[in-house]
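Subject: The structure for you to look at

Hi,

Here's the structure I promised to pass on. Have a look around in it, then read on for what turned up.

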Amino acid sequence: MKQHPENPPTNQLAAGLSEADLSAAVEKSGYPLQTIVADLLRSKQWGVQEEWSYIDRDTKELRTIDILAEKHLFDFKQGQPRVRPALDLLIECKQSVMPYVFFLSPTKPLLFDFPSIAGLAKHSVTITTDDDPSSWTLSILHALGLERHSFFQIPEYCTTFSKCVRKGSEVVLSGNESFHGLIMPALKSLHHFQVAQMPPETAWYFDAHLAIAIGVLDAPMVNVSPSASSSDLTLVPWVRVLRHEYLENLERWDRSKLFALDVVHKDFLEEYLEKHLLPFAETFGELVIKHQHILATGEAFVSGMGKDSWDNIEPRLERRKLIAKVSRSKALGKNIFRLITRQKTLDD
């Protein structure tokens with residue numbers, strides 16, 4: 001072991017503890033992987049905070065996640081936008097010689113809460129129109145037309161995964177280890193991040209943090225596709241793990257949440273960032289700047305929404321103005337007039 005020139009003679013390993021033992025313990029702990037991931041992100045001009053602290057929402061204890069990384073998605077030289085887009089990664093790193101096993105979902109559900117968006121006063125956009133008195137409340141990603149991006153279509157999805165562990169001479173699956181060691185730290189830190197980024201009620205400027213929880217594994221990742229006679233096993237570099245939660249403190253219609261965690265092999269991480277995540281995030285950033293005033297207020301106007309409320313919404317988004325309110329009032333008046341006329345006809 002190398003010696004620092006000013007190392008005191010008492011700073012030595014105890015008898016019975018070899019350098020090889022210490023090196024093995026360090027390699028097994030996961031810290032080297034954390035360092036490798038942090039160095040990769042710094043080399044790509046990310047802002048990196050290792051051992052980022054968060055408050056566990058259940059126990060209220062202070063815990064840490066391996067890495068919080070941030071990249072701004074706007075150009076400071078072009079002035080201060082009202083809504084500043086950024087990409088934030090909450091990363092938990094795990095090393096293991098034993099594989100993680102993912103049980104694939106046959107479908108890819110529509111996700112309204114992935115990725116999370118933190119820092120805005122409102123988490124949705126309420127749309128009014130000129131041909132219907134109704135209003136529509138859409139998730140921000142849906143309003144921006146991002147739900148069909150390839151970032152949602154490429155990875156495999158699963159709702160259950162486990163880690164292989166040895167039990168005597170056998171290899172068995174342990175769901176508890178993967179759940180408590182990877183899923184819960186990532187999602188709880190994400191929940192804390194959302195709370196920490198909540199703006200004050202008087203805010204005029206906002207941040208729109210596109211926040212994603214990621215598990216980086218230095219371990220074999222195996223997908224399982226059940227068939228009638230056996231299970232097909234495939235080594236994969238990227239899996240999106242779904243996690244359903246029920247949050248009692250939200251509005252009744254918004255309490256059921258389907259979150260997701262991207263689990264990525266360490267040797268695929270750079271490709272995941274450069275070819276999949278960043279193109280999606282950059283598109284998000286451009287649309288946030290384009291519609292910054294709508295996202296700041298959470299209110300928008302779309303002409304003809306009553307006739308067509310499903311397709312091509314983002315290019316039709318406008319700031320809600322007085323004329324929009326007048327048009328909506330006219331549409332409401334027309335509906336009332338139709339109802340009165342219909343009732344008179346029935347009475348006659």
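Let's start with a cysteine: does Cys164 count as buried or exposed? Cys164 counts as buried, with a relative accessibility of 9%; the cut-off for buried is under 20%. Keep in mind that this is a predicted model. Cys93 is buried too, at a relative accessible area of 4%. As for disulfides, the count comes to zero.

Now to the rings. When you describe a pair of aromatic rings, you give the distance of the centres and the angle of the planes. Searching the whole structure turns up 13 aromatic pairs. One of them joins Phe151 and Trp238: the centres are 6.0 Å apart, and with 35 degrees between the planes the pair is tilted. Why does this pair tie together parts that are 87 residues apart in sequence? Because Phe151 belongs to helix α4 (residues 150-153), while Trp238 belongs to strand β13 (residues 238-246). Phe151 and Trp238 are both buried.

Trp238 has another partner to look at, Tyr272. Like Trp238, Tyr272 is buried.

If you zoom out a bit, these residues turn up again in one aromatic cluster, made of Phe114, Phe151, Phe152, Trp238, Phe268, Tyr272 and Phe280.

Which ring does the charged end of Arg240 sit over? That would be Phe151, with the charged end 4.5 Å from the ring's centre. So you'll come across Phe151 in the tilted pair, in the cluster and under Arg240.

Last stop, the surface. Which residues make a nonpolar surface patch of about 290 Å²? The answer is Leu13, Leu17, Leu22 and Val26. Of these, Val26 is in helix α1 (residues 19-29), and its relative accessibility of 40% makes it count as partly exposed.

Happy browsing!

Methods
Residues numbered from 1 in each chain as written. Predicted model: local features only at pLDDT ≥ 70, side-chain atom pairs only at ≥ 80, totals over all residues. Heavy atoms only, no water. Phe/Tyr/Trp six-rings, centres within 6.5 Å; stacked < 30°, edge-to-face > 60°. Helix = DSSP H or I, 4+ residues; strand = E, 2+ residues; numbered from the N terminus. Buried < 20%, exposed > 50% of the residue type's maximum accessible area, 1.4 Å probe, protein only. Lys NZ or Arg CZ within 6 Å of the ring centre and 35° of its normal. Disulfide = S-S within 2.5 Å. Patch = residues over 30% accessible without salt bridge, like charges linked within 9 Å, V, L, I, M, F, W, Y side chains within 5 Å. Areas by Shrake-Rupley, 256 points an atom, 1.4 Å probe, with all protein chains shown as cover. Salt bridge = Lys/Arg side-chain N within 4 Å of Asp/Glu carboxyl O.
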